[in-house]
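Subject: Structure handover and notes

Dear colleague,

Please find the structure below, for you to open alongside this message. My notes on what was found in it follow, and I would be glad if you read them with the coordinates at hand.

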Amino acid sequence: MPLRTVGRSAMTSRHAYVARINRVIDHIDKHLSGPLDLATLAEVAHFSSWHFHRVFQTMTGETLAERVRRRRLEVAAGRLLFLPLEPVLSIALDVGFGSAAVFTRAFSAHFGVTPTAWRRGAFRSWAERHRVQLRKIHQADRNAHQAAVEAFLQDESSWPTGRVPQLGETQMTIEIKTLPEVRVAYMRHVGPYGDSGIARTWQRFAAWCGEHGLMQPRRPMFGISHDNPDVTPPGKCRYDACIEVDGDFKPEGEIGVQTLRGGRFACTRFTGTSAVIHQAWMALCDWLPDSGWQADDGAPIEIYGTDFEMDEKTGAFSCTLCMPVRRL
């Protein structure tokens, strides 16, 4: 008879694996220009290098080498667009490629066009395919998303309800703000931005926070989108539900700790349901080209204040969307 591990101990063990894999994924993004070999990444995960590559592939659906190559190319693809005056060779070296020729071959194999063609407009067809794919996912996910919203409304201990005024089709108002860095605890969701899985992750995370005394009194919470959905496949996009913690907080299980970077951000107020927040992010991205600002390295942030409420009838809420930027 095959052995089975069941119950809380099995779930706790899996959560520990999730946390270790998340550490490796975050390490890859922070060290794209450096050595990202098996031995280095296994040490980050505190796994034996003999088995780690199998564990990583089982839990993420891609090998370590595939992950490293994909992230190097995706980050480079974003920089080609947001840093139009930066030489291709400089971008290639910054993400870990040894020469422009090696980078061009890898980029062309992944995206189907050269870096130069991508920068000149070929990216649009790639981005549109992803947007069409996301729209189909959102349509298919509509019922599950509504069920997730209803679960939020029934959980007033975590998500207090109130009347949230609808902003309607008003023009987006954007301010440039300097935000401080913040230490946070987080739970990660991997999957399409805007799908019901993110709402379910918030529900699980809020329950965990409540059990550990982090919800009363309320403290700032944050949503972090690590990937560009126009470039990264929907199923590979990472979203972290976060809550501010002090320096004494220790991670446990699948709950990790990270520091959200400070600096300049383009910020706008969002009011609506979780079903349309992705479109608001896309509108903020569309604002950039004519703004005199460019996207900076770092993840966009959703800030949920201590006065957070959900509308008891519509499920609408308010938050501040913040995109890291720097001058052109």
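The protein chain has an average pLDDT of 88, with 94% of the residues scoring at least 70. Residues 1-8, however, have a pLDDT below 50, and beyond near neighbours in sequence this stretch makes one contact in the model. Please bear in mind throughout that this is a predicted model.

The largest nonpolar core holds 42 residues, of which Trp202, Phe205, Ile243 and Tyr304 touch the most other members. Two or more residues each are given to this core by helices H8 (142-154), H9 (196-211) and H10 (277-287), and by strands S3 (182-190), S5 (238-244), S7 (263-272), S8 (293-295) and S11 (317-327). H9 supplies the largest share, seven residues. Leaving out residues up to four places away in sequence, Trp202 touches Phe152, Trp159, Met221, Phe222, Gly223, Tyr239, Ala241, Cys242 and Tyr304. There is also a second, separate core, made of 32 residues and including Leu80, Phe111, Trp118 and Trp126.

Aromatic pairs

A search of the whole structure gives 19 aromatic pairs. In one of them, the ring centres of Phe205 and Trp208 are 6.4 Å apart and the planes stand at 5°, and the pair therefore counts as stacked, since this angle is under 30 degrees. Both residues belong to helix H9, where they are three residues apart, about one turn of the helix. Phe205 is buried, at 0% relative accessibility, and Trp208 is likewise classed as buried, with a relative accessible area of 11%.

Tyr304 and Phe317 make a pair of another geometry, tilted, with 6.0 Å from centre to centre and 45° between the planes. This pair links distant parts of the chain, as Tyr304 lies in strand S9 (residues 301-304) and Phe317 in strand S11, 13 residues apart. Tyr304 has a relative accessible area of 9% and is buried, and Phe317, at 7% relative accessibility, is buried too. Ring pairs join Trp202, Phe205, Trp208, Phe249, Phe270, Tyr304, Phe308 and Phe317 into a cluster.

Helix H7

Helix H7, which spans residues 115-140, bends by about 80° at Gly121. Gly121 is itself among the buried residues of H7, together with Pro115, Trp118, Trp126, Ala127, His130 and Leu134. Trp118 and Trp126 were named above as members of the second core. The cover over the buried residues of H7 includes helices H4 (64-82), H5 (88-94) and H6 (100-111), as well as H10.

Charged residues

Two further sites involve Arg20 and Glu62. Arg20 lies over the face of Phe47, 4.7 Å from the ring centre. Glu62 is found in the loop between helix H3 (49-60) and H4, and at 6% relative accessibility it counts as buried, because the cut-off for that class is under 20%. Apart from neighbours within four places in sequence, Glu62 is in contact with Phe56, Gln57, Arg67, Arg70 and Lys236. Ser33, by contrast, is 29 residues from Glu62 in sequence, and the two C-alpha atoms are 20 Å apart in space.

With best wishes

Terms used:
Residues numbered from 1 in each chain as written. Predicted model: local features only at pLDDT ≥ 70, side-chain atom pairs only at ≥ 80, totals over all residues. Heavy atoms only, no water. pLDDT = per-residue confidence, 0-100. Contact = heavy atoms within 4.5 Å. Core = buried A, V, L, I, M, F, W, Y, C linked by side-chain atoms within 4.5 Å. Buried < 20%, exposed > 50% of the residue type's maximum accessible area, 1.4 Å probe, protein only. Helix = DSSP H or I, 4+ residues; strand = E, 2+ residues; numbered from the N terminus. Bend = angle between axes of the 7 residues up to and from the residue. Phe/Tyr/Trp six-rings, centres within 6.5 Å; stacked < 30°, edge-to-face > 60°. Lys NZ or Arg CZ within 6 Å of the ring centre and 35° of its normal.
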